[in-house]
Amino acid sequence: MSDNKILIVDDEGAIRRFLRVTLKAHDYTVFEAASGKEAISSTADNKPDVIILDLGLPDVDGVEVTRMIREWSQIPIIILSIRGSESDKIAALDAGADDYLTKPFGVGELLARVRASLRRINVAANEPVFTSNDLVVDLAQRRVTINDNDIQLTPNEYELLRVLVNHAGKVITHNHLLREVWGPEYGNEFHMLHVNISNLRHKIEPEPARPKFIITEPGVGYRLKAD
Amino acid sequence: MNMKLGRAGIHWRKYIFGLCLVVAGTILGHLVQTFFDPTNIIMIYLLCVTVSAVFWGLGPSVFVAVAGVLTFDFFFVPPHHTLAVDDTQYLFTFIALLVVGVIISYLTSRTRRQTEEAIRKEKETSALYTLGHDLAIASSLDSYIKAITRRVRETFGYDVIVFLPDEKNTRNIRPYTDTPDISIDNTDFTEALSTLRRFSENKQDINLQQHSKSQYLPLVTARGIIGIMTLKNPGSPIELTSEQEQLLKAYIDLAAVAIEGIILADQARYAQVIQETEKLQNALLNAISHDLKTPLVSVIGVLSSLQEEGMHLDENAKENLIQVAREEADKLNHLISNLLDESRIEAGAIKITKQPVEIQDLVGSALEQLGARAKRHRFKIEIPPELPFVYVDVGLIVQALVNVIDNALKYSPQDTPIEIKAQTVDEQLQIEIIDMGVGIPPQDIDRIFDKFYRIQRPDNVSGTGMGLSISKGIIEAHGGYIEANNHPGGGTVIRISLSSDKTPFNERKFTE
């Protein structure tokens, strides 16, 4: 059994069961909570490595739970949202959640999100190299290659890629990307972000029109696909 | 239209005219005396009698006959200037003159009375006809009754109110009138109600009350009493001649039948609408229930198969079954999303949160949501990267695209590609989805975006047909257009037009 502990928070028994069985089958240690209150006390008691949090809880709003946990902990939180409440998703991400899954979702997506969330913790400082297919990003050497061919990036483009790599597998909101790469006062310069992403795609994607590395999450942000 | 139905009184003037005529005749007689025999002069008096009979009636013509005879005797029969008669044959002349005068005046006055009667009847018929015509073109109970009350008021000169039992509570009555400022007081209500009750209990003849300012007349049909027509005169008591009474009764009969007719027609129409609505609702619920349960058949079937028969199945078979179940479950997911969107559109509860987004990403997201079915099919995507953004609600537009592409997937053969093109046309962003399926029958081109419309195809195309109408609802809520056409060379092209994001560079931001 791996060391990774996952807290599942959902008021639906069937969903908890599906998640528990699946995650246990992949060697995770699983804790469960059925309400916001239980979630917070379980987090404090069990200190999970990842929290999977449903937004539709009976006692406290999922966004509120996120906010409360973030007051004292940086544990990665993956929220479960339903289609049609895009604003809830963004509110949760802004409140400090790291990623989301749209119900109904498949097991593959679930595991990918969990792995991506754990990567931040498990990736030690001496593993600065990100690899995905032919793309290799060496953060220590500031070198980006595709099939061993060097790719020339502008400073902004490189920064953008760096932030994406640091969050590999997880979604980053537009706002967050802009703030991290350009600074807090650029939080709304969406067009500028898009142009840079577009240029980056043209440089590293085999088919820029159908990206397989830098994925758009429409209405939310971008995600660097990690596996 | 006013009818003067008063009786002719005694008009002294006519007798004066008659006398003048006799005088004129006498003068004329004098003038021609030398040329004519007295027998011919009598013709002048005969003429006078005829004229007065025709114009002035029996009385005056008899007077003229007598005056004529006396004058003739006095002036023209020897011995002149006396009333004595020498020749007794003139006595015969006198009698004849008198008799002729009487006969002619009787005949002409009878003709005149008949003419007057005919004119009156014609006016009466015309009045009823006009009322009938008004009723024929009136389309609601209100306008019917207004036509009736107006006609009666114009014909008889009194204010008219029609009282009908209230549809909801038949113990109460409602007044209808076309005089807006008429005063209806409690007495009117109580009188009308008591008349109504009296006539419901036993059939009676309609009689007008003497010396009353208000008349409460029952509207009676074969089914019984259906209402009360009230005539009111604020000033003096209501008085009607017998011809007027007759005409009024004719009006009342016509009105009663007409009102009953329209009430029955309304009831029948209402019942029919209820019936049709129920039928439609049932059909709809049946279709939705079918579409929701059908995918579950496969899902539950496959799962039970794996559960109970798992050991008998080889890997291929299992793989196959699982694939089917997965796709059917996706279909169910899609259908539920559509139903929810449909409900939101119907309830006017669609909330649009707009963001700048690329067409590219919208299409990509739509294809992603369509899952395995889209992956299995060949797509030709031509979206130039430098297209301007659109300012739309991402979730909704993606759903709109999903429905349109889903439609293309349903109706295009497996081996033909589906094209998705985007371009700017006149500052609008235009997306085209082109399939090479059967196309749309020309008469149906406008109807494919109707709710629940499906092209009549006998095969296994599932879905209640609301996808395209939802797409239309969403796109139009964004101020865009969607239209369908047959593609030259076969197939269908669905064109979506959205305005491009024109917010200035520095102001582009996300709304939350």
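Biologist: Why does Cys20(B) count as partly exposed?

Modeller: This is a predicted model, and in it Cys20(B) has a relative accessibility of 44%. Buried would need a value under 20% and exposed one over 50%, so at 44% Cys20(B) counts as partly exposed.

Biologist: What makes Cys48(B) count as buried?

Modeller: Its relative accessibility is 6%. The cut-off for buried is under 20%, so Cys48(B) counts as buried.

Biologist: How many disulfides does a search of the whole structure find?

Modeller: Zero, over all chains. A disulfide would need a pair of cysteine sulfur atoms within 2.5 Å.

Biologist: What does chain B consist of in helices and strands?

Modeller: Chain B has twelve helices and eleven strands. It has 512 residues, of which 42% count as buried.

Biologist: Why is helix 1 of chain B called roughly parallel to helix 3 of chain B?

Modeller: Helix 1 covers residues 12-32 and helix 3 covers residues 58-76, and their axes cross at roughly 30°. Angles under 35 degrees count as roughly parallel, so this pair is roughly parallel. The axes come within 9 Å, and the crossing is right-handed.

Biologist: Which residues of helix 1 and helix 3 of chain B meet?

Modeller: From helix 1 they include Tyr15(B), Leu19(B) and Val22(B). From helix 3 they include Phe63(B), Val64(B) and Ala67(B). By class, the contact has nine nonpolar, seven polar and one charged residues.

Biologist: What makes helix 4 of chain B roughly parallel to helix 7 of chain B?

Modeller: Helix 4 (residues 89-137) and helix 7 (residues 242-309) pack at an angle of about 20°, with their axes 11 Å apart. That angle falls under 35 degrees, so helix 4 of chain B is roughly parallel to helix 7 of chain B. Their crossing is right-handed. Among the residues making the contact are Leu128(B) and Leu131(B) of helix 4, and Leu247(B) and Leu254(B) of helix 7. The contact residues divide into nine nonpolar, one polar and three charged.

Biologist: How do you know that Leu97(B) is buried?

Modeller: Leu97(B) is found in helix 4 of chain B. Its relative accessible area is 4%, which is under the 20% limit, so Leu97(B) is buried.

Biologist: What does Leu97(B) touch, not counting residues up to four places away in sequence?

Modeller: Leu97(B) touches Ile42(B), Tyr45(B), Leu46(B), Ala65(B) and Val69(B). Leu97(B) and Val66(B) are 31 residues apart in sequence, and their C-alpha atoms are 8.5 Å apart in space.

Biologist: Why is Thr22(A) called buried?

Modeller: Thr22(A) lies in helix 1 (residues 13-25) of chain A. Its relative accessible area of 10% is under 20%, so Thr22(A) is buried. Leaving out residues up to four places away in sequence, Thr22(A) touches Val107(A) and Leu110(A). The C-alpha atoms of Thr22(A) and Leu110(A) are separated by 9.4 Å, although the two are 88 residues apart along the chain.

Biologist: What covers the buried residues of helix 12 of chain B?

Modeller: The cover includes helix 8, helix 11, strand 10 and strand 11 of chain B. Among the buried residues of helix 12 are Leu468(B), Ile470(B), Ile474(B) and Ile475(B). Helix 12 is followed by Gly479(B), whose phi is positive, near 80°.

Conventions: Residues numbered from 1 in each chain as written. Chains lettered and ligands numbered in written order. Predicted model: local features only at pLDDT ≥ 70, side-chain atom pairs only at ≥ 80, totals over all residues. Heavy atoms only, no water. Axes fitted to C-alpha atoms, helices over the stretch in contact; angles between N-to-C directions. Helix = DSSP H or I, 4+ residues; strand = E, 2+ residues; numbered from the N terminus. Parallel < 35°, antiparallel > 145°, perpendicular 65-115°, else oblique. Left-handed = near helix turned anticlockwise from the far one by under 90°. Contact = heavy atoms within 4.5 Å. Nonpolar A, V, L, I, M, F, W, Y, C, P; charged D, E, K, R; others polar. Buried < 20%, exposed > 50% of the residue type's maximum accessible area, 1.4 Å probe, protein only.
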